[in-house]
Amino acid sequence: MHIRGKTPKSGFAYRRAGTMMVIAATAAFSPVLTGEAHAFKLFGITIFGEDENDSEQVPDPVRYDANLTTNTADPDLKEALENSSRLIGDEERPVSGDLGIVVKARDDRDRLIAALYENARYGGVVTITIDGKNIDDLPPNPTFDRSRSVPVQVAIEPGPVFRVKEVQFGGDAASRNPADYDLAPGEVAGSLTIIKAGDKIVEQLKSEGRPLAKLTTRQVVADHRTKTVDIVIATEGGPVAPIGNIGVTGQKAVKPGFIQRYSRLEKGGAYSPEALKKAGERLRALGVFSSVTIHEADSLAADGTLPMTIEVSEGKQRYFGVGANYSTIDGMGVQGYWGHRNLFGEAESLRIEGTVGRLGENDIGNLDYSTGILFTKPGAFFPAATLKAGILAKTENPDAYNASLITASLGLSYELTDQDTASASTEISYEKDDDAFGDNEYLTFALPLTYERDARDNKLNPTEGYRATLAATPSYEMFGSTIFSSFEGSITGYQSIGAEDNVVFAGKVAAGLLIGGELPDIPATRRFFAGGGGSVRGYGYQEISPYNAEDEATGGKSYVTASLEARVRITETIGIVPFIDVGTVGSEEFPDFSDIRAGAGIGIRYATPFGPLRLDFAVPLNKYENGTSYGIYAGIGQSF
C-alpha cells in the first residue's frame, strides 16, 4: 500500500477417587517436576521459562534496558504499540554487538510506525535514542559503554486518528459499496482495513471463477490539515477460466493419480480459492504429507483453462509410540502402537495397538487388556469415501462390571459436504460379562449408522460454531434372540465474546435411549452409564447408573447429560475454565429425571501449537453414599 501525505511527517484423567493422570500432562502443569531447570520444553517447544543457553548462542552479546513512553490515553493503542516493539518484548535477550542494538532499533521504528498506521495514526512520530543519541545521528559503527546495560528510550507521539473522506473503486471494483468493506465516509481509516478491502475484492473476483484477478491500484492520500484520507482501489478481474491440467510433484511412494483424485480438483471444474483451500486441507489430513502446496499458473493455457500443480513432501510412512500412566487405585498402565501411513501407495493406513492396565493388581484376572488392528483406505470407490475395517479384543473392569469382548467391523464413511459426513458399517461382537445380572455371554450383530455435522471454526480449540451428531445402531443378540436398537444424539455449541475471543462460552447436550429387550438381555458395554471426564466430571467413571437392591450398578436404557463451560483467557497462553455438568441415567427407555447428578469445578488451560493442555478439578454436588469425592482430569484439547 502506498501512502502519500500532503504535509511532511515522520514517523488423560483421574478415575473413581480421582487418582489417575497422564504423567506427561502432570509434568506440563507442575513446575516442581522441572527441578533446577529454568525452562520447561515439550516436544522441543519452550512451554515456560527462559532457556539459559539462549545467551550463549549469541556472539558478542550486548544487553540493554528499554523504556517505551507514549503520549496517549488509549489503552488499546498503548498495548498494540508495546506488543509491536521487539526492543520491549525481547529485552531479556542480548543482541549481537553494538550494531545489533541499532539494527533492532531501526526495525522497531518501522514496526511501530506500521502499528500507528494500523490504528489510523498517520501523523505519528517515533523517536528512538540509544545511550542518549538519536539512532539517525549514530555513526556507521557505533560503540557503547558496556559496563552497564545500554539504555534505550522509545518515545512515541501517536498523533490524531484519521478518518475516511472519500473512496474511489476503479476497474472491476467499480460500483461497489465502500460500507461493505468498513470504508464508509467517517469510518476510522486503519491501514489494515484498507489493505483487507483490496484483498477482499480480489478474493471476491476469484470466487467468481476469475483466477487471474489482481489489484492494480491501492493508494491512500492523507490530509494532515483535515485529518482525513482519500482512498483509491482498482482491480482487474481477468477472464472466467475453469481448472486446467493438474500436475503432481514431490511424491515418492504415494501414487500421483491418487493425489490428484483425492484432491477432488478436476480439469474443467469451476475455479475457486475455496476449492483449492479445501483440496490442500484434505491432502494434509491424510497424514502422509509433511507439506502440501497448490501452485497456480501465471497465465491461462491455450484452451483457456488455468493449469496448476500440487506439490507435496512426504513424511515418514512408519511410526510407533509408547506411553504409560499410573493410578494409586488401578496401578500402572502401559500402551504401545505401530502404524504405516501408506501401505499400498494410496495413503492406506494400518495401525496395530495394545494396552495393559491395572498392573500391580493382586488378581491378574482384573487386568485390563486391549489389542486391535485398524485398516483405513481413503478415497475408496469414490474420492469422498473412506473404508474402515478393524478387529478389537479387550477386557474392561470398571466397578459396574467385568467384560471380555472381541469385535470385528467393516464400514464406509462418505463426506456429503465439507461439514457433513455420513457413515454405515457392519459389526459383530462376542462378549462375556460378569455384572449385576450374573455371568452371561452375548453374540451381537449390529449395523451402526451415524451422521455428523461439524461447523466449528477449530477442531481442538473452537471459539465459534457447533457440532451435531446422530447415531442409530439396530442390533440382534443371537444367543438370546433379542432385537434392540440404540439411538443417540449430541450437540455442542460455542460463542465467543469480545474482539479477541477472550471469553468463550461452550455448551453440550447429549441424550440416548435403548429400545427393545430387557437390561439382562443387552451386553453391559451397550448399556448406558455416565460419570467421569467424558460426561459428568466429579463422579467416578460410569458411577452414574441405576442400582439394584444389592446396590450394584446395572446400567440403564436412557440418559441425558449437559455441560456448560466459560473458557476465560487470562494471558496469551493461560486460561481458566469454570464449568458445571449434569446428568441422569434411567432404567426405562425414557429417563424420568428422578435422580439427577451434578458436578462442578474449575480447570486450567495452557495453549500449545498442538492444542490446549487441559487440567480439570471437579467435585460432585450430590455425591453417592460412599461414592467419589472429587475428580481430576488431564488431556490435550478442550473437554468437548
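This report describes the composition, surface, salt bridges and selected local features of one predicted protein model.

**Basis**

Because the model is predicted, local features need pLDDT of at least 70 and side-chain atom pairs count only at pLDDT 80 or more, while totals for chains, interfaces and linings use all residues. Residues are numbered from 1 along each chain as its sequence is written, and side-chain values use heavy atoms, with hydrogens and water left out.

**Overall content**

The protein has seven helices and 33 strands; helices (H or I, at least four residues) and strands (E, at least two) are DSSP runs, numbered from the N terminus. Of its 640 residues, 42% count as buried. Buried means under 20% relative accessible area, exposed means over 50%, and partly exposed lies in between (1.4 Å probe, protein chains only). The protein exposes about 31,900 Å², and carbon and sulfur atoms supply 54% of that area. Accessible areas come from the Shrake-Rupley method with a 1.4 Å probe, and for residues only the protein chains shown count as cover.

Helix α2 covers residues 75-84 and contains Glu79. The buried residues of α2 are Leu77, Leu81 and Ser84. Seen down the axis of α2, these residues fall within an arc of 65°, so they line one face of the helix; the arc is that of the directions from the helix axis to the C-beta atoms. An α-helix has 3.6 residues a turn, so residues three or four places apart point the same way. On the other side of α2, Pro75, Asp76 and Asn83 are exposed.

Glu79 counts as partly exposed because its relative accessibility is 45%. Together with Asp76, Glu82, Glu500 and Glu572, Glu79 belongs to a patch of negative charge on the surface. Patches are made of residues with over 30% relative accessible area and no salt bridge; like charges are joined within 9 Å, and nonpolar side chains (Val, Leu, Ile, Met, Phe, Trp, Tyr) within 5 Å. Lys and Arg count as positive and Asp and Glu as negative, while His and the chain ends are not counted. The place of a charge is taken as NZ of Lys, CZ of Arg, CG of Asp or CD of Glu.

**Salt bridges**

A search of the whole structure finds 29 salt bridges. A salt bridge is a side-chain nitrogen of Lys or Arg within 4 Å of a carboxyl oxygen of Asp or Glu.

| Pair | N to O distance |
|---|---|
| Lys104 and Asp90 | 3.2 Å |
| Glu353 and Arg351 | 2.7 Å |
| Arg605 and Asp616 | 2.7 Å |

**Backbone and contacts**

Most residues other than glycine have a negative phi, and most peptide bonds are trans. Ser175 has a positive phi, near 70°. Its place is in the loop between β11 (163-171) and α5 (191-207), and at 79% relative accessibility Ser175 counts as exposed. Asn626 likewise has a positive phi, near 65°. Asn626 sits in the loop between β32 and β33 (631-636) and is exposed, with a relative accessible area of 75%.

Two pairs are separated along the chain. Phe445 lies in strand β24 (residues 438-446) and is partly exposed at 35% relative accessibility. The C-alpha atoms of Phe445 and Ile428 are 4.5 Å apart, with the residues 17 apart along the chain. Thr554 is in the loop between β28 (503-515) and β29 (558-569) and counts as buried at 8% relative accessibility. Thr554 and Ala400 are 154 residues apart in sequence, and their C-alpha atoms are 6.9 Å apart in space.
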